[in-house]
Each structure stands twice: as C-alpha cells, then as structure tokens.
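Here are my notes on the aromatic side chains. Please read them with the model open.

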Amino acid sequence: MESNCVQFLQDKTILVTGVPGFLAKVFVEKILRLQPKVKKLFLLLRAPDNESAMQRFHSEVLEKDLFRVLRNNLGDANLKALVSEKVVPIPGDISVDNIGVKDSDLLQLMWNEIDIIVNVAATTNFDERYDVGLRINTFGPLNVLNFAKKCVKGQLLLHVSTAYVCGEQSGLLHEKTFHMGETLNGHGKLVIDTEMEIMKQKLKELHKQDCPEEEIAQTMKDLGMSRAKLHGWPNTYVFTKSMGEMLLGNQRETLPIVIIRPTMITSTFSEPFSGWIEGLRTIDSVIVAYGKGRLKCFLADPNSVLDLIPVDMVANAMVNAAARHAGKLGSQTVYHVGSSFKNPITFEQVHDLAARYFTKNPLIGRDGSPIIVSKGTILSTMAQFSFYMTLRYKLPLQMLRLIGIIYPWWDGNKYKDIDRKIKLAMRLVELYRPYVLFKGIFDDSNTELLRLERKEVNKEMNDVFQFDPKTIDWEDYITTIHIPGLITYVLRK
C-alpha cells in the first residue's frame, strides 16, 4: 500500500522558499527521494541571476552529505538527470514584490503551474536588525501570500513559523492563530504599519546624521528588541514572526493556509539517515561549548522542559499537513510540531546525557590532550546568574581596571578583552533566557489528529513520513545520534 503522502506529491508543482536553509533542504531531499514523479520543484534562493542561483543550489544543497542516500540510490548520472528535469533554482527574494522574480515569462509560467507554495524563508537571529526582521519575517510572508493568490492552480500556502511566537507564556499553549493587532501583554494595540513607519523614521534619522554603518546596525537591533518587549515578546525574531502570521491570517481570503510551528529543531532522527545537522541551533551551541570545556556555568531551570524535535519529523509533518489541507478553501490551521506534550525531556536530563557523553568521548584540545568536562554549575534564576558572574568575573575585572589606573604602563588590553567577553556572555544569556527558563508546554492536538490519520492510512507499511515524538528514546537519540552528529558538523566546518 502506497503512502498517501507519496501519492499526494505525484505530479505536483511546488514552490519552496528559503532553500539553502536547514529545514528546506531536508524537505526538498525527501520529496526527490520518495517521489521522483513530482512534476516540478521551483526553489527560490537569494542570488543575483540564474547562473548564481544554480551554482548556489549545487554547492549549498545538492552537494551536501544529506543527499548521499539519493546519490547512492540513483548514481551520479541519474541524479543529475532527475535534478535537471524536476528542479528549477530561481533567483529571488521574499522581501520584495513578486518574491523578487524579475523574468516576466518565468513569473507567468510559475503562476500557471504552481499547486503548492511552501514558505520556509526567514531570518532566525534572535536580535536581528528591526528593518531586516520586518522585511523578511513580517512582510515576506505577505509577499509570498500575494504571489500565491496569483497562482491559478494554487491549492495551499504552507508557512513555517516557530512555536515560540507565544513569547514567555507558561502552562499549556494551544495551536491558535493570532488576531490582527493583538499583543502578548495586552498593552494597547499592535499596528504593523505603525511599526514599519517607526523603523523607517529611525533609519532616516540615522542616515541624516551620517552615522557609521556599525552604529546603524546596533541601533536597529536595539529598536527591534525594544519594540518586541513593548508588546510582550522577548526578542525581535519571535515578534516579527508573529506579525507575519497576523498578516497571513488577515489577508488570506479563501486560500487555504497551514502554519507549521516547530519547536527547537535538531538533527535528523532517521531520514535519510540519522544525525545529519547543519548550523548550531539554540541548544547545540551550549552542548558544543560544554564539550569544549568552555562552559563552567549556565543559566537554566533544570526542570524546564526543552522542546526538541528532529528536523525530518518537521519535514514529514509539513508534507502530511499539505496533503490534508490542499484545496480546502478558506481553512487556516496551526500545527505545533514538538515533543514537550507527548515525550518531554528536561534541561537537567540533556545536561546529564551531555556530561556522560563527553566524559566517555572527550573532545581533543589544541594541545592534543582530551578535554575533561566538569558537571558545571546550573543557576536557575537571572538573579543567581548575575550574582555568580559578579563574584566570579566582575569583581576580579574591577581589580584589573584598578591596576590599569594605578600602573598606566601595565597592558590594559587584557581588561578590555575580558570585559568584552563578559558583556558578550551576558548578552547571549539574556537572549537565551526565555528558552532555558521556559515554562510552557506546547499542546499538539491538531498535530495528533494528523498523526492518527496517518496511522489509519499506513497500517501495513513502515511509515517513512512519520512524525511521532513518542518514538524518540531521548537517551539513545542524544548520545548516539544528536551529539555525534553535532561533533561531525563542527569538525567538518
């Protein structure tokens, strides 16, 4: 019996944005490997022209280790033939009209042929410049929606958001859509056009004053953070993503919309093989820093649930949701794709597993000897963390500063260097704080319904499109799949 997802993908023309990204790559690989009878994949990449787009697709997507199973299955020549027949890399940019496609014949072809639009493009920096965040995360989805409305065969827009649009709410968080203009703290009304005006005004002032580029960048980052906090969101990333969702809900008309909200995306669980990752995600940089012996202390609530989800499960949920909602006019559905409700793992458990892993398999330091990791200190409130930093680093730093004043010939660079590192550490901790002290659990009732439907359809087969977090044995996954995958990626860089 054939999976209904495989059937669904047959003869479909699909547009995918944000393609060099981690999730989009896994999504594209899955389609090419499991449904070579897909009609066309239009892949939008940032590039100045067709040749650069093709080059970027080859170097940043196709030549990656992720595609080795497909390459082994088909052989180089057949893979090349499949790609040249099915894949069309397109230079474009979701932050401008017509998603930046300049060729009018190509635009017409896309509008006539595309069935499904999948928007994965985003900037995921927590403290992104406000102008960049608004352009890509807020108005980008609206540009994609306007493009999708012109697709005569368009059956669905699937938009990838993030579960953390909920901000720092606690308790059970439901899969509900945003109302236009709602805020998380209930203070006043959020007017997206006003946010755009405030940003433009600030940018204009900075250019008028002839500020250096570095100062403009920092001011735009600060502006994003202050606007986010004013309305109840912890950072620019989740604030601009939330506004993007609002615009989609408000402007969608009858086009069916699916919003996929993944939690913290981690390495592949099983497909095309386990342990593939690219880029260090939220918790990964912490694990790597710990393994390198650079993390002696960290801010986290040991009992806080870390909502991790393997990337292939997110890609599988995307295909399942698309198959379910394509053509259902007027529908808008949110899916949380995470593990905290069905199979939670706490920060303390991850910490213990990482400690066990690096004790058994230490990384090798620059001097060639193994790096010994200690259990480290976990502090569960910002107040405790600040106190620890003051005692451990800031007071000795003041002594260095004093020495520099008393003995001006003494090399004060050391003071500046340590001061810079402490400020950077405090800034990172402040950015990560909402996630490591998170008290929410993501309800996934909609996603569970989708899973139950899958089980009905796929009773007799090993389901290659499964996305059930209950199938994850965390100890096995973290120690034999995820951390080894992370280390491979870090060493490969």
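Over the face of which ring does Arg-68 lie, and at what distance from the ring centre?

1. Arg-68 lies over the face of Phe-273, 3.8 Å from the ring centre. Keep in mind that this is a predicted model.

2. Lys-30 gives another contact of a charge with a ring. Its charged end sits over Phe-465, at 5.1 Å from the centre of that ring.

3. Now the ring pairs. The structure holds 16 aromatic pairs. One of them joins Tyr-164 and Phe-442. The ring centres are 5.3 Å apart and the planes stand at 90°. An angle over 60 degrees counts as edge-to-face, so this pair is edge-to-face.

4. Look at where these two residues sit. Tyr-164 is in the loop between β5 (156-160) and β6 (171-173). Phe-442 belongs to strand β13, residues 440-442. The pair therefore ties together parts that are 278 residues apart in sequence.

5. Are the two partners buried or exposed? Tyr-164 has a relative accessible area of 5%, so it is buried. Phe-442 comes out at 3% and counts as buried too. The cut-off for buried is under 20%.

6. Phe-442 also pairs with Phe-438. Here the rings are stacked, with 5.5 Å from centre to centre and 15° between the planes. Phe-438 is buried, as is Phe-442.

7. Which residues make up the cluster linked by ring pairs? The members are Phe-126, Tyr-164, Tyr-237, Tyr-432, Tyr-435, Phe-438 and Phe-442. Both pairs described above, Tyr-164 with Phe-442 and Phe-438 with Phe-442, involve residues of this cluster.

Note on methods. Residues numbered from 1 in each chain as written. Predicted model: local features only at pLDDT ≥ 70, side-chain atom pairs only at ≥ 80, totals over all residues. Heavy atoms only, no water. Phe/Tyr/Trp six-rings, centres within 6.5 Å; stacked < 30°, edge-to-face > 60°. Helix = DSSP H or I, 4+ residues; strand = E, 2+ residues; numbered from the N terminus. Buried < 20%, exposed > 50% of the residue type's maximum accessible area, 1.4 Å probe, protein only. Lys NZ or Arg CZ within 6 Å of the ring centre and 35° of its normal.
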